[in-house]
Amino acid sequence: MPVDLAGVPAEPGVAKPDPMLVVDGVTRSFGGLHAVDVRHLELQRGAITALIGPNGAGKTTLFNVLTGFDRANSGRWSFDGTPLAGIPAYRVARHGMVRTFQLTKALARLTVLENLLLAATGQRGERMVPALVRPLWKSQEERNRERAEELLERFRLDHLRDAHAGTLSGGQRKLLELARALMVRPTMLMLDEPMAGVNPALAQSLLEHIVRLRDEGLTVCFVEHDMDMVMGTSDWVVCLAQGQVIAEGTPREISANDEVIDAYLGKQHGSPVREDESR
């Protein structure tokens, strides 16, 4: 069931009732450009949090830092009480925080089913010595295959199990990447623009899957520019501008927030045009 955050104050860095991810003083710079400068941020357990902001606001960079795909210049963050600063991406995923990418990373020459099987963690058959003794990993591989088949059916990709991933449409690749992330059995999903390049029919299907995952207890955070999706799906919205958190709140609160409107449209969007500016 959705988490009720209606009583949480709509202000940057506000404390949440049961945060799963806590970020403190995280910065990331590229030369003289301060891409990320987040003083404090908490993401609520069991909720869908949308991370929004204009292009260049630092949303994907923050994702990359938190999930171990980039290094912060400073700061610390913890996931479910475990410090993750400086931890590589594969270990972050093992802790239960798994991300997808704006540009899908499907292995084009492997089949759809093989893409899922490859994502399963702790496979004994991947080690040299156990690989020589099939009884040591046969039952585990069978369980992984059952899990993969269940996910393919859930995301309506079962009819494509033997197709090469490179032949899928953009929307189907998004579904495949989401299914592959679930093979890791995460407790939190970080989705970078899940609707980018997806046709409306598949977008609606993907949206329903995300809501259902939340209802099943998974924590979700996604970067998205589609405001209809943000307002219709999120429990909480965080707005970044120039790398900083400038606003937080429920979708209704954010949609009426002047700082958010200014970040997207510019501070002069509501000002009258002077005669000398109209020429």
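A residue counts as buried when its relative accessible area is under 20%. Ile-210 has 1% relative accessibility, so Ile-210 is buried. The model is predicted. This briefing covers that residue, an open sheet and a hairpin.

**Ile-210 and its surroundings**
- Ile-210 sits in helix 7, which spans residues 200-215.
- Leaving aside residues up to four places away in sequence, Ile-210 touches Ile-48, Leu-191, Pro-194, Val-220 and Met-229.
- Thr-233 is 23 residues from Ile-210 in sequence, and the two C-alpha atoms are 8.6 Å apart.

- Strands of a sheet pair through backbone hydrogen bonds, either parallel or antiparallel.
- Here four strands make an open sheet, ordered 2-1-4-5, with antiparallel pairing.
- Strand 2 (33-44) and strand 5 (82-83) are the edge strands, and each pairs on one side only.
- Two bridges link strand 4 (residues 74-79) to strand 5, in the antiparallel sense.
- Phe-79 faces Thr-82 of strand 5 as its opposite residue.
- Helix 1 (residues 59-66) lies across strand 1 (19-30), strand 2 and strand 4.
- The angle between helix 1 and strand 1 is about 115°.

**The hairpin of strands 9 and 10**
- Strand 9 (residues 236-241) and strand 10 run antiparallel and are joined by five bridges.
- Leu-240 has Val-245, in strand 10, as its bridge partner.
- Two residues lie between the strands of this hairpin, and Gln-242 takes a positive phi near 50°.
- Strand 10 (residues 244-249) is largely enclosed by the rest of the structure, because five of its six residues are buried.

Conventions: Residues numbered from 1 in each chain as written. Predicted model: local features only at pLDDT ≥ 70, side-chain atom pairs only at ≥ 80, totals over all residues. Heavy atoms only, no water. Pairing = 2+ DSSP bridges. Contact = heavy atoms within 4.5 Å. Axes fitted to C-alpha atoms, helices over the stretch in contact; angles between N-to-C directions. Buried < 20%, exposed > 50% of the residue type's maximum accessible area, 1.4 Å probe, protein only.
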